[in-house]
Amino acid sequence: MSEETAPGFATLAIHAGAQPDPTTGARATPIYQTTAYVFNDTEHAAKLFGLQEFGNIYTRIMNPTQGALEERVAALEGGTASLAVASGHAAAMLTFHAIMSPGENFIAADKLYGGNINQFNHSFKSFDWHARWADALDPSSAKALIDDKTKAIYIESLANPGGVITDIEGWAAVAKEAGIPLIVDNTMATPYLCKPIDHGADIVLHSMTKFMGGHGNSMGGVIVDGGSFDWSASGKYPMLSEPRPEYNGVKLHETFGNFAFAIACRVLGLRDLGPAISPFNCFQILTGMETLPLRMERHCQNAQAVAEFLESHEAVSWVSYAGLESSPHHALQQKYMPKGAGSVFTFGLKGGYEAGVKLIESMKLFSHVANLGDTRSLAIHPASTTHSQLTDEQKIAAGAAPDTVRISIGIEDVKDIIADLDQAMK
Ligand SMILES: *Cc1c(COP(=O)(O)O)cnc(C)c1O
């Protein structure tokens with residue numbers, strides 16, 4: 001399809017992956033609340049189990065409501081396929097499971113969601129997988145860290161929590177030179193603001209718990225296969241290139257080509273490690289995604305206005321929002337996410353740690369929660385919560401210094417959001 005005849009983003013957000021239910025005519029995608037599916041006959045069952053035919057077996061591996069969601073996310077991100085799982089953390093876990101063997105390492109940019117920093121530094125170490133931290137603002141800082149046991153590069157497009165825009169094309173060039181895939185966590189930007197695959201990413205991850213679902217009511221994660229990486233070229237990715245004993249010697253990359261990564265995450269990682277998403281959560285997230293473009297537009301408009309208000313406020317020492325012309329990330333924002341800089345950002349209070357705690361306690365409209373990407377405006381003081389397990393050095397590197405407040409601007413009337421911040425700062 002040409003650019004003009006291909007459906008636009010808002011159309012895909014509503015229609016991709018969804019058809020009227022073939023048996024009932026139901027227009028909204030039903031919640032297929034079942035664990036298992038009846039096989040036509042024993043031969044059909046054998047083919048499904050042997051990966052010779054696609055179809056439903058058991059909801060730990062796939063489910064029709066989940067399937068609609070997966071098609072929709074793949075269409076919005078421009079990927080070949082996707083796999084929905086129980087949470088954003090499960091998406092990262094299954095992605096690395098398909099790539100890593102014990103004793104190997106990957107490069108991670110040092111501006112990441114605090115939960116991923118913990119996951120990489122602690123839980124992954126018990127699998128003998130090792131994160132090597134590079135400067136998120138300088139892709140070339142990764143080069144000296146890469147060796148023959150380095151299997152991937154992991155970055156966030158719009159980094160949590162500090163409103164940092166990473167140079168995806170710069171990171172993609174380093175990954176390409178090293179012959180390893182670039183994994184981009186696109187949770188904070190969503191495909192409405194940025195499509196990392198267009199800039200060279202090989203795999204895109206989301207916590208759909210955030211903007212994709214958008215209403216703060218359902219956990220979910222997704223792995224999008226960009227279809228671009230050659231998993232067989234180097235021999236470094238045996239799970240994809242070597243025969244699988246449990247599937248009669250099938251080689252996943254050779255058999256499934258440009259969607260082999262999504263298949264590997266499903267038929268090996270999800271099947272064996274088990275973090276399946278519930279059909280109900282898929283339904284909630286599917287419904288939320290229908291309004292993703294509208295919500296993101298309003299989130300960004302409101303966030304821009306709030307950032308401008310804070311920048312001129314006397315109690316505020318700094319604001320880190322890439323939509324502000326004063327931001328060092330403004331030029332990259334114009335390049336990678338010209339429609340807006342997202343709605344999660346940080347600012348610093350002149351009164352430091354104490355003022356941060358006091359502000360949070362004085363807010364009325366804002367909710368004090370660990371979540372973000374909700375219709376509601378949310379706030380948190382990362383140093384005493386999400387990033388509290390990190391050392392002071394790691395906190396500062398991750399953009400969560402003691403004076404820092406993180407806000408996720410909702411889609412309420414912006415005058416009410418600003419009024420609440422104003423009274424709380426007083
Ligand atoms: C929340 C979040 C995650 C983790 O997702 P969960 O759904 O909470 O497991 C990963 N990356 C980013 C950027 C996030 O904001």
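Me: How far apart do the C-alpha centres of domain 1 and domain 2 lie?

Reply: In this predicted model, the C-alpha centres of domain 1 and domain 2 lie 28 Å apart. The bounds behind that value come from an automatic or database domain assignment, which divides the protein chain into domain 1 (9–288) and domain 2 (292–425).

Me: How many residues of each domain are in contact with the other?

Reply: The size of an interface is often given as the accessible area lost when the parts come together. Here the interface is given as residue counts instead, with 41 residues of domain 1 in contact with 37 residues of domain 2.

Me: Which residues come nearest to the ligand, and what is the make-up of the shell around it?

Reply: There are 14 residues around the ligand, and those that come nearest are Gly88, Asp185, Ser207, Thr209 and Lys210. By class, the shell holds two nonpolar, nine polar and three charged residues.

Me: Which atoms of Gly88, Ser207 and Thr209 lie by oxygen atoms of the ligand?

Reply: A polar contact is read as a pair of N or O atoms within 3.5 Å. For Gly88, a backbone N or O atom lies 2.8 Å from a ligand oxygen atom, whereas Ser207 places a polar side-chain atom 2.8 Å from an oxygen atom of the ligand, and Thr209 has a polar side-chain atom at 2.7 Å from a ligand oxygen atom. The ligand, which exposes 380 Å² when taken alone, has 94% of that area buried by the protein.

Me: Which pocket does the ligand take up?

Reply: The ligand takes the space of the second largest pocket.

How values were computed:
Residues numbered from 1 in each chain as written. Predicted model: local features only at pLDDT ≥ 70, side-chain atom pairs only at ≥ 80, totals over all residues. Heavy atoms only, no water. Near = heavy atom within 4 Å. Polar contact = N/O pair within 3.5 Å; in protein donor to acceptor, adjacent residues only side chain to side chain. Areas by Shrake-Rupley, 256 points an atom, 1.4 Å probe, with all protein chains shown as cover. 1 Å grid on protein atoms, 1.4 Å probe; cavity = no way out; pocket = protein on both sides within 12 Å on 5 of 7 lines; lining within 4 Å. Sits in = over half its atoms within 2 Å of the grid points. Nonpolar A, V, L, I, M, F, W, Y, C, P; charged D, E, K, R; others polar. Contact = heavy atoms within 4.5 Å.
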